[in-house]
Amino acid sequence: MDELFSNFLITLIVISAIFGILYTFLITRHRERIMMMEKGINSELFVSKNNGRWRALKIGLLFIGIALGLIIGGLLESHLIIEEGVFYIAMITFFGGLGLLSYFFIEKKFRDNE
């Protein structure tokens with residue numbers, strides 16, 4: 001019973017901390033925007049120009065990189081004798097980074113053509 005209560009308490013604290021951070025961030029951002037509008041600063045700063053089309057590509061390439069990292073990490077771990085888990089972390093970060101780099105170059109290529 002004691003372990004169940006401690007797990008519940010830890011979960012409650014983590015969820016409360018996440019909620020508190022998000023709430024503080026959103027309230028601060030809202031107050032900042034209201035003050036900028038009161039001073040007459042252009043409100044077009046708040047409008048995103050990319051409409052999310054590049055965000056989908058970035059997330060897709062990142063997840064493809066993570067999946068490749070998991071696959072190759074598993075293959076390396078099964079064929080080489082090194083401490084367990086090292087290959088997974090290394091390959092996930094390596095291929096995730098490659099996915100983000102490929103996103104950068106794809107976006108740069110298309111933005112230069114516009």
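This is a predicted model: local features need pLDDT of at least 70, side-chain atom pairs count only at pLDDT 80 or more; totals for chains, interfaces and linings use all residues.

**A charge over a ring, and its surroundings**

The charged end of Lys109 is placed over the ring of Phe110, 5.9 Å from the ring's centre. A charge sits over a ring if NZ of Lys or CZ of Arg is within 6 Å of the ring centre and within 35 degrees of the ring normal.

Residues are numbered from 1 along each chain as its sequence is written, and side-chain values use heavy atoms, with hydrogens and water left out.

Let me turn to the overall arrangement. The protein chain has three helices and zero strands, and along the sequence it reads α-α-α. Helices (H or I, at least four residues) and strands (E, at least two) are DSSP runs, numbered from the N terminus. Of the 114 residues of the chain, 11% count as buried; buried means under 20% relative accessible area, exposed over 50%, and partly exposed in between, with a 1.4 Å probe and protein chains only.

Rings of Phe, Tyr and Trp (its six-membered ring) pair if their centres lie within 6.5 Å; planes under 30 degrees apart count as stacked, over 60 as edge-to-face and the rest as tilted. One of the pairs is Phe19 with Tyr23, which is stacked, at 6.1 Å centre to centre and 20 degrees between the planes. Both residues belong to helix H1 (residues 2–38) and are four residues apart, about one turn of the helix. Phe19 is exposed because its relative accessible area is 57%.

Trp54 and Phe110 form a tilted pair, with 6.1 Å between centres and 50 degrees between planes. This pair links distant parts of the chain, as Trp54 lies in helix H2 (residues 53–79) and Phe110 in helix H3, 56 residues apart. Is Trp54 buried or exposed? Its relative accessibility is 7%, so Trp54 counts as buried. Phe110, by contrast, has a relative accessible area of 44% and is therefore partly exposed.

Trp54 is one of the buried residues of H2, together with Leu61, Gly65, Gly69 and Gly73. What covers them includes H3.

Finally, I consider H3 itself. Which residue forms a salt bridge with Arg111? That residue is Glu107, with the closest N and O atoms 2.7 Å apart. A salt bridge is a side-chain nitrogen of Lys or Arg within 4 Å of a carboxyl oxygen of Asp or Glu, and a search of the whole structure finds one. Glu107 and Arg111 both lie in H3 (residues 86–113), four residues apart, about one turn of the helix. Glu107 counts as buried because its relative accessibility is 15%, whereas Arg111, at 40%, counts as partly exposed.

Asn113 also lies in H3, and is exposed because its relative accessible area is 59%.

Methods: Contact means heavy atoms within 4.5 Å.
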